[in-house]
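Work through the exercises below with the model open. Each task is followed by its solution.

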Amino acid sequence: MKYWLMKTEPTTFGVDMLEAAPRKTTCWDGVRNYQARNMLRDEMRRGDGALLYHSSCEVPGVVAVMEVVRGGYPDASAFDRKNKHFDADSDPHDPRWFMVDVKLKRRLKRVITLDELRVHAAKELDGMWLLRRGNRLSITPLESAHWRFILSLE
DNA sequence: GCCAACGTTGGC
DNA sequence: GCCAACGTTGGC
């Protein structure tokens, strides 16, 4: 079992919308980056843990714990002409983009902010993807020790 | 295969 | 809105 951190802009899709979704579950579609695609397709499995992170908002930070309830499968939004993430070059018989399903396990009691995570960047959270300079990947792996430490801050 | 131009991300 | 950092594109 692996752990992940998944970024989203709350104005586009945040924890409120996830909580309101049927069975508090959603497909995580629209990822159009090859590195992230490879993780979605090859590495993310049912049962993995994922932290939900809000970016580009007033207080960026970790807001919830999720579980991957379905491993990588083709991202249907790539085939939908009307979808913002439509990709004419993605062949349904050889899909280019993948997604997973995630379910909200619980909201954190409070937001664990980016600022707070940074405090520990050189020690407990050394090597964490999110804290690396210039990192823009929307899905990143999380070491289990980092997962535990972040949740211990709650 | 190089690399300049361009687009996107995301904190501030 | 600014801008650093990075990914992608496309001419050569």
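The model is predicted.

**Exercise 1.** Classify the lining of the largest pocket by residue class.

Solution. The lining has five nonpolar, nine polar and six charged residues. The pocket holds about 670 Å³ of space, and 20 residues line it. Closest to its centre are Lys7, Thr8, Thr12, Asp29 and Gly30. Next, look at the strands: S1 (3-8) and S2 (25-27) each supply at least two residues of the lining.

**Exercise 2.** Find the residues around DNA strand B and state which parts of the DNA face the protein.

Solution. Using a cut-off of 4 Å, the residues are Lys7, Tyr53, Ser55, Ser56, Pro60, Leu114, Arg118 and Arg136. By class, this surface has three nonpolar, two polar and three charged residues. Of the DNA strand B atoms within 4 Å of the protein, 75% belong to sugar or phosphate and the rest to bases. Now take individual contacts. A polar side-chain atom of Tyr53 lies 2.8 Å from a phosphate oxygen, while Ser56 places a polar backbone atom 2.8 Å from a phosphate oxygen. The side chain of Arg136 has an N or O atom 2.6 Å from a base oxygen.

Definitions and conventions. Residues are numbered from 1 along each chain as its sequence is written. Chains are lettered from A and ligands numbered from 1 in the order in which they are written. This is a predicted model: local features need pLDDT of at least 70, side-chain atom pairs count only at pLDDT 80 or more; totals for chains, interfaces and linings use all residues. Side-chain values use heavy atoms; hydrogens and water are left out. On a 1 Å grid over the protein atoms alone, a cavity is a set of points where a 1.4 Å probe fits but cannot get out, and a pocket is an open set with protein on both sides within 12 Å along at least five of seven lines; lining residues have an atom within 4 Å of a point. Grid points are joined across faces, edges and corners, and a volume is the space filled by probe spheres set on the points. Helices (H or I, at least four residues) and strands (E, at least two) are DSSP runs, numbered from the N terminus. Ala, Val, Leu, Ile, Met, Phe, Trp, Tyr, Cys and Pro count as nonpolar, Asp, Glu, Lys and Arg as charged, and the others, Gly among them, as polar. A polar contact is a pair of N or O atoms within 3.5 Å; within protein, one must be able to donate a hydrogen and the other to accept it, and residues adjacent in sequence count only if both atoms are side-chain atoms.
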